[in-house]
Amino acid sequence: MLRRSDPAGTPGAQPARRGRRAAPAATKLFVLDTNVLMHDPTSLFRFEEHDVFLPMMTLEELDNNKKGVSEVARNARQASRYLDELVSRTPNGIEAGIALKRHDADTATGRLYLQTEAIDDTVPANLPTTKADNHIIGVVATLARQFAERQVILVSKDINMRIKARALGLAAEDYFNDKVLE
């Protein structure tokens, strides 16, 4: 789980470049809904210097959608393979986040965080507890409270989920893979 006392410093903080006097860029924390990964399995690597957070419910839904021969099932399997590759190459555990940069041509310099501990107040009181989307919204709300110094943004292809998140005062965006990478 993403922690305030991350041993690597503030999660997502970028070191100053030599010879330049630039203010550190404020990195965002993007919380991905399952449908983003099923739409574009490479979405994990398309947030450049920003960090990505995957709630446990996102992983559960990904697992539930990997069977079959549809494009959605193939994308769910590919996203799972990318996640396995990332987690497998992290020898010191995943609690401090996992570097998203896979090779030199990769523009992803942020970190991947997986929900590694239970969040007690997951679902806001005014939302039904039976819907996976509401649990993901609850994770976004908890992260927004825990990391008030960072912009925490839900990314979902589900318009109603984005509306619910915004109604609760949370930042939410659609995912457009053609706008993230050139």
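Biologist: Which residues do ring pairs link into a cluster?

Modeller: Phe 30, Phe 47 and Tyr 175 are linked into a cluster by ring pairs. Rings of Phe, Tyr and Trp (its six-membered ring) pair if their centres lie within 6.5 Å. By this rule the count comes to three aromatic pairs. This is a predicted model, in which local features need pLDDT of at least 70, side-chain atom pairs count only at pLDDT 80 or more, and totals for chains, interfaces and linings use all residues. Residues are numbered from 1 along each chain as its sequence is written, and side-chain values use heavy atoms, with hydrogens and water left out.

Biologist: Why is the pair of Phe 30 and Phe 47 called tilted?

Modeller: Planes under 30 degrees apart count as stacked, over 60 as edge-to-face and the rest as tilted. The planes of Phe 30 and Phe 47 are at 35°, with the ring centres 4.7 Å apart, so the pair is tilted.

Biologist: What makes this pair a tie between parts of the sequence?

Modeller: Phe 30 lies in strand 1 (residues 29-32) and Phe 47 in the loop between helix 1 (34-39) and strand 2 (51-54), so the parts tied together are 17 residues apart in sequence. Helices (H or I, at least four residues) and strands (E, at least two) are DSSP runs, numbered from the N terminus.

Biologist: Why is the pair of Phe 45 and Tyr 82 called edge-to-face?

Modeller: Their planes are at 90° and their centres 5.3 Å apart, so the pair is edge-to-face. Phe 45 lies in the loop between helix 1 and strand 2, and Tyr 82 in helix 3 (residues 71-88), so this pair ties together parts 37 residues apart in sequence.

Biologist: How do you know whether Phe 45 and Tyr 82 are buried or exposed?

Modeller: Buried means under 20% relative accessible area, exposed over 50%, partly exposed in between (1.4 Å probe, protein chains only). Phe 45 has 3%, so Phe 45 is buried; Tyr 82 has 16%, so Tyr 82 is buried.

Biologist: What makes helix 4 oblique to helix 5?

Modeller: Helix 4 (residues 132-146) and helix 5 (residues 159-167) pack at about 40°, with their axes 10 Å apart. That makes helix 4 oblique to helix 5, because angles under 35 degrees count as roughly parallel, over 145 as roughly antiparallel, 65 to 115 as roughly perpendicular and the rest as oblique. Axes are lines fitted to C-alpha atoms, for helices over the stretch in contact, and angles run from 0 to 180 degrees between N-to-C directions.
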